[in-house]
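Hi,

Here is the structure I promised to pass on. Have a look at it first, and my notes on what turned up follow below.

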Amino acid sequence: MLLYAIILFVTAAIFLGLSLSIYKGNIHLIHDYHQKNVTDKAAYGKAFGKAMLVIPITMLLSGSLALWDPAAQLALWVLVAGLILGIGCIIAVQRKYNKGIF
């Protein structure tokens, strides 16, 4: 489970960097067609960055659980639930600011 935790920690660091960058206003990291109908780009970037932050937090939690319990079936369930929640948050932001998912 150590390898699982390491992979999640590295991936979480990448996603954390991306989400913070988007939150600070670098929305060019989001594809153009996701921003087609967005009028308030600053608020959209902050909301998208916050929504995306759920994903690395979930990865860090899942990796920590995997280190704590070698059987770590709970770590996998936490990861799946967190990814579903994170994607749901991103979809909610897309619907609010872009008036649709795409």
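Tyr44 and Tyr97 are both buried, where buried means under 20% relative accessible area, exposed means over 50% and partly exposed is in between (1.4 Å probe, protein chains only). Before going on, note that this is a predicted model, so to speak of local features I need pLDDT of at least 70, and side-chain atom pairs count only at pLDDT 80 or more, while totals for chains, interfaces and linings use all residues. Residues are numbered from 1 along each chain as its sequence is written, and side-chain values use heavy atoms, with hydrogens and water left out.

Now the rings. Searching the whole structure gives two aromatic pairs; rings of Phe, Tyr and Trp (its six-membered ring) pair if their centres lie within 6.5 Å, with planes under 30 degrees apart counted as stacked, over 60 as edge-to-face and the rest as tilted. Tyr44 and Phe48 make a tilted pair, because their ring centres are 5.8 Å apart and their planes sit at 50 degrees. Both are in helix α2, four residues apart, which is about one turn of the helix. (Helices are DSSP runs of H or I, at least four residues, and strands are runs of E, at least two, numbered from the N terminus.) Tyr44 also pairs edge-to-face with Tyr97, at 6.0 Å centre to centre and 65 degrees between the planes. That pair links distant parts of the chain, as Tyr44 is in α2 and Tyr97 in helix α3, 53 residues apart. Together, Tyr44, Phe48 and Tyr97 are a cluster linked by ring pairs.

What does Phe48 touch, leaving aside its neighbours within four places in sequence? Phe48 is in contact (heavy atoms within 4.5 Å) with Ile22, Ile30, Ile90, Val93 and Gln94.

Finally, the surface. Leu2, Ile6, Val10, Ile14, Leu18, Leu29 and Leu67 make a nonpolar patch of about 620 Å², with the largest share, five residues, from α1. Patch residues have over 30% relative accessible area and no salt bridge, and nonpolar side chains (Val, Leu, Ile, Met, Phe, Trp, Tyr) are joined within 5 Å; a salt bridge is a side-chain nitrogen of Lys or Arg within 4 Å of a carboxyl oxygen of Asp or Glu. Leu67 lies in α2 and counts as partly exposed because its relative accessibility is 45%.

Cheers

Key: Patch = residues over 30% accessible without salt bridge, like charges linked within 9 Å, V, L, I, M, F, W, Y side chains within 5 Å. Areas by Shrake-Rupley, 256 points an atom, 1.4 Å probe, with all protein chains shown as cover.
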